[in-house]
Amino acid sequence: QVQLVESGGGLVQAGDSLRLSCAASGRTFNINVMGWFRQAPGKERAFVASINWSGGTTTYADSVKGRFTISRDNAKNTVYLQMNSLKPEDTAVYYCAAKSVRFGPYNYWGQGTQVTVSS
């Protein structure tokens, strides 16, 4: 099993920056890809960004390209989401996720951290 714990959420104003962290523990050698998802009130959970754990290849949703950056620290088993130029529509619960198979489903999830962006 892999455990994921997010941190770094909060209340910010539009245009501000915030960095989320996700610390992985347990059988971290099983991790192939880590990602961030978000769920806004009344909406389905949506993909934000992902990073390949070994090679560092990144993927982003169009809505965050150029504003968000995903990175990892393998030594700390931690993935980060740097969010710049935040907009009110970025308000959501942000979830960290991990998967063992590159093209498989995400099979490990964190508990989520709230990000609120005021206008």
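Is N77 buried, partly exposed or exposed? With a relative accessibility of 22%, N77 counts as partly exposed, where buried means under 20% relative accessible area, exposed means over 50%, and partly exposed lies in between (1.4 Å probe, protein chains only).

## Basis of the report

The structure is a predicted model, in which local features need pLDDT of at least 70 and side-chain atom pairs count only at pLDDT 80 or more, while totals for chains, interfaces and linings use all residues. Residues are numbered from 1 along each chain as its sequence is written, and side-chain values use heavy atoms, with hydrogens and water left out.

## Two residues with positive phi

N77 is found in the loop between β7 and β8, the strands being DSSP runs (E, at least two residues) numbered from the N terminus. Its phi is near 50 degrees, a positive value in a residue other than glycine. Most residues other than glycine have a negative phi.

S85, placed in the loop between β8 and β9, likewise has a positive phi of about 50 degrees although it is not a glycine. At 42% relative accessibility, S85 counts as partly exposed.

## The four-stranded sheet

An open sheet is formed by four strands in the order β1-β3-β8-β7, with antiparallel pairing; two strands are taken to pair if DSSP finds at least two bridges between them. β1 and β7 are the edge strands, each of which pairs on one side only. From one strand to the next the twist averages 20 degrees, with axes taken as lines fitted to C-alpha atoms and angles running from 0 to 180 degrees between N-to-C directions.

Within this sheet, β7 and β8 are joined in the antiparallel sense over six bridges, and F68 stands opposite M83 in β8.

## β5 and its partners

Five of the seven residues of β5 are buried, so this strand is largely enclosed by the rest of the structure. β5 pairs with β4 in the antiparallel sense over six bridges, and I51 in β5 is the bridge partner of M34. The hairpin of β4 and β5 has six residues between the strands, and in this hairpin G42 takes a positive phi near 80 degrees.

Three bridges also join β5 to strand β6 (residues 58-60), and these two strands run antiparallel; here the bridge partner of A49 is Y60 in β6. β5 and β6 form a hairpin with five residues between them, in whose turn G56 has a positive phi of about 85 degrees.

## The disulfide

How many disulfides does a search of the whole structure find? The search finds one, a disulfide being a pair of cysteine sulfur atoms within 2.5 Å. C22 and C96 form this link, with their sulfur atoms 2.0 Å apart. The pair connects distant parts of the chain, since C22 lies in strand β3 and C96 in strand β9, 74 residues apart.

The link of C22 and C96 is left-handed, with -80 degrees about the S-S bond. C22 counts as buried at 0% relative accessibility, and C96 is buried with a relative accessible area of 0%.

## The nonpolar core

The largest nonpolar core has 31 residues, of which L4, M34, W36, V79, L81, M83 and Y94 touch the most other members; such a core is a set of buried Ala, Val, Leu, Ile, Met, Phe, Trp, Tyr and Cys residues joined through side-chain atoms within 4.5 Å. Strands that each supply at least two residues of this core include β1 (2-7), β3 (18-26), β4 (33-39), β5 (46-52) and β9 (92-99).
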